[in-house]
Amino acid sequence: MRKTLLALLGAAAVLGSIATPAAATTLETREFVGHGSSDFGLALFYARQDAKSQAERAGFTDCEEYFKLVISPYDATVFWRCTR
């Protein structure tokens, strides 16, 4: 009786650890939009700086630019997706 009970408890412990999902890490994702305009053709640079400063102020460091809209060298918008 004792061996049977120990075997059942051992099996339950092993199956419980296998069936338990791994702890998921939660990543926070946020999007930032940077706008830039320049009389000297540096709009894209300024738009990226704007998006970067917004992300850094919010505490995000891992970012990617997933879309840019360059209307002319004098007006640009970038879209960044950041995670932390």
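The link of Cys63 and Cys82 is right-handed, with 110° about the S-S bond. The two residues come from distant parts of the chain, 19 residues apart: Cys63 lies in strand 2 (residues 62–72) and Cys82 in strand 3 (residues 75–83). Strands here are DSSP runs of E, at least two residues long, numbered from the N terminus.

Before I go on, a note on the model. This is a predicted model, in which local features need pLDDT of at least 70 and side-chain atom pairs count only at pLDDT 80 or more, while totals for chains, interfaces and linings use all residues. Residues are numbered from 1 along each chain as its sequence is written, and side-chain values use heavy atoms, with hydrogens and water left out.

Back to the cysteines. The S to S distance between Cys63 and Cys82 is 2.1 Å, and a disulfide is defined as a pair of cysteine sulfur atoms within 2.5 Å. By that rule the count is one disulfide.

Are these two cysteines buried or exposed? Cys82 is buried, at a relative accessible area of 0%, whereas Cys63 is partly exposed because its relative accessibility is 26%. The cut-offs are under 20% relative accessible area for buried, over 50% for exposed, and partly exposed in between, using a 1.4 Å probe and protein chains only.

Next, Thr77, which is also in strand 3. Thr77 is buried, with a relative accessible area of 12%. What does Thr77 touch? Leaving out residues up to four places away in sequence, Thr77 touches Val33, Gly34, His35, Ala47, Phe67, Lys68 and Leu69; contact means heavy atoms within 4.5 Å.

Note on methods:
Helices (H or I, at least four residues) and strands (E, at least two) are DSSP runs, numbered from the N terminus.
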